[in-house]
Amino acid sequence: MLSRVADSMYWLSRYLERAEHTARVAGVQLNLVPEQPAEMNAGRWVRVGQSLGIEELGVERLGMSKALDMIAYNPASRTSVVHCVMSARFNARQVREEISSEMWEQLNRLYHQVVVAAPDFLSDADHLAFLDQVKEGAQLFMGMTDSTMTHGEGWRFIELGRYLERAQNVARLLESHLASFKVDFDNPGEEPDALSYPEWIGLLKSATAFEAYCKVYTPAVVPRLAADFLVLSDRFPHSIRFSLDRVYNALTAITENAPSQRAQSVVRVAGRQRAMLSYSQIDELIGQGLEAALASMREECAAVHTGLNEAFIGYAVEAALGG
Amino acid sequence: MSAANTGLKRLSPFKNYTLPDCWDEMFAAPFQVRPHYAALQERMESMAPDEMKRRKQAADLSFLHQGITFTVYGKSEGTERIFPHDLLPRIITAAEWARIEAGLIQRITALNLFLGDIYHEQRILNDKVVPRELVYTCPHFRREMRGVSVPRNAYANVVGTDLVRVEDGSFAVLEDNLRVPSGVSYMLTSRQVMKRIFPALLRECKVRPIDQYSRDLLATLQSLAPGGRVNPTIALLTPGVFNSAYFEHAYLARQMGIELVEGRDLVVHDNVVYMRTTAGLRRVDVIYRRIDDDFTDPLSFRRDSILGVPGLLNAYRAGNITLSNAVGTGVADDKAVYAYVPAIIRYYLDQDPILPNVETFLMTDAKHREHVLARLDKMVVKAVGESGGYGMLIGPQSTAGERDAFRERVLANPRNYIAQPTLKLSAAPCMVDSFEIEPRHVDLRPYVLFGEKVAVAPGGLTRVALRKGSLVVNSSQGGGSKDTWVLND
């Protein structure tokens, strides 16, 4: 497969995953605002900015409308939902012949829905409807991808983009949450106080994990168990471990087709991270410092990103000719 | 004649058809259908009045859903449009086709010999059959190609020659397209649509198939691999999704099962061309390039081009890669060189041209120029290096101001212009927007492949000037197309 085509597949799904995640996080926060007291709402959008890795939001104390503009609507903001959908479509357009027409038409539909959104005229309810539309549109696209596209090399690159982005998003989400809502892990059974309890539910909902968590642990949200679920669950599709399993599987499948020294090295990075997550227990990670562990997971994800680019896409010509 | 076979039936869709002031493809005289169109007429008269309309709408929808569109430049919104397609086929008899086919093969053979000659010995220039200055002043003459040999001495491999049928019913060559002719995907997809709409009629008329085109194109490209390499890797080089013919590029690549590449997918190392794949660099042997000479290599031609591949021309000159069509073929479809093609055919093949040229006046010739400038309102003036219907003056349809502007341009740069008498292109019945049937002018672009073998796809693209009275058939200027049927006798 052409490197350019693989690259576009990777980015289109990465951007779409990012759009979906951002829309979900923003929607959860909008739902928290009406019932939480002023002291909890103060600095909310700064926290959101941190959880999404948006530095501009972190340094300034922005109001909700300004923040929503940056997070959701402004096409010039590189982190906005609209920008992500536009970028996903741009990449899909480059490989229109390689993806199914169902996929192209769905992404095109989503694009036309979001580019007309004008935040100035929207009420809070409209914001939520907009964000729901994006989540649903992205999920439809991914469903169509799985059911209408050959699960070959191109599809593997789509998997890579989706799950690498997801692992990083969830790691950053939990990391920034832990920084804002300090947890006393020395008392492992303790539940959060009444004020921060809704914020912990919000955390789980931001990763579509609340219902799944309840099925295992009941709605009593214990920080240690929530962290265990988000980081180490082997079955929940938004956990970091689950995501990195998928990344590893995609990489080994691609490497079977395209074996090279460079490919081996990125598989090694992903495999090491996967093994760490498979054989770790949450108490060990807490013992080492959970925030630092999450930061290092994000760095490993970034290393996989760089590695796959060097292995399959932007490799140096001389290196490729040498073997 | 009885009413039944003169087409005077009460409900005939042709009952209001007025013969045009030129050769009509379907009718020899009012209500007198030409024999090879009789089956079509009968079929259409047997259809309920609304049926044609419904079939037309079904066909348009089918084109839209398949994304058979082209891009209109200079408009930001709605830039993708379907190529207007007329349902009534244009029909050519076996005898007519035999002559066209022989004429095209003769012409392409001679033009390839001409290209090989001017880039090597230049016998034809030394013998003063074609003026040396004419060739050297041609903007598409590539000095870089002097002394460079190409596989099988085949320069123009994929050719689309524009033919017109003039008043006496004979065909003449209007233009040779030896660089990157387009439109063949419309020929192929339009037949697919017609098969669904007129399946019985196609069978009854014994229309020759054209499905083999993609296979023939692939075979032609394979036969041009450097050093006769077997199982060569072939790629189609496109400028990208923003190009007006991107649909065609993607369509042909898919039909042939070859990679569709952009300039940034290719790298040149030690004069060898590779494409970047996820499994590493893969050597490429033949590039079917759908970008102009000027954009192929920023090191050799336009430095500002980001579509091409740095170093490609050196790899080409080193004989490590075949570009098809070859670099520098544009010199042979220059509109001033065109005037010499009959002489070129006689010179290399010692034969009379089977397909005549249209009478052409060179503006570099003082007598010709005087003659033309005195009757600009009756002439068509064309810039020699342009295509797509751009840069031309159609005398009878021009204003005095436009003629004055062209007069000045011609006088300022005579080498850049030629003139031809305004031709009465033949017309064929078309279903117009109101669903009435009216005559519209048509031309014919058959597609010729020239590699190990020469193959002409039976028929080609019939282009239609859909605006009433218009003589311009280019898609960029409001033209459409018709399926072209060549009959088996």
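A: Trp11(A) and Tyr15(A) sit 4 residues apart, about one turn of the helix, in α1 (residues 3-32) of chain A; helices here are DSSP runs (H or I, at least four residues; strands are E, at least two), numbered from the N terminus. The model is predicted: local features need pLDDT of at least 70, side-chain atom pairs count only at pLDDT 80 or more, and totals for chains, interfaces and linings use all residues. Residues are numbered from 1 along each chain as its sequence is written, chains are lettered from A and ligands numbered from 1 in the order in which they are written, and side-chain values use heavy atoms, leaving out hydrogens and water.

Over all chains, the structure holds 17 aromatic pairs. Rings of Phe, Tyr and Trp (its six-membered ring) pair if their centres lie within 6.5 Å; planes under 30 degrees apart are stacked, over 60 edge-to-face, and the rest tilted. One of the pairs joins Tyr10(A) and Trp11(A), edge-to-face, with 5.5 Å centre to centre and 75° between the planes. Trp11(A) also pairs with Tyr15(A), and this pair is tilted, at 5.6 Å centre to centre and 40° between the planes.

Tyr10(A) is buried, at a relative accessible area of 1%, while Trp11(A) is partly exposed at 26% and Tyr15(A) is partly exposed at 24%. Buried means under 20% relative accessible area, exposed over 50%, and partly exposed in between (1.4 Å probe, protein chains only).

Elsewhere, ring pairs link Tyr213(A), Tyr217(A), Phe229(A) and Phe236(A) into a cluster.
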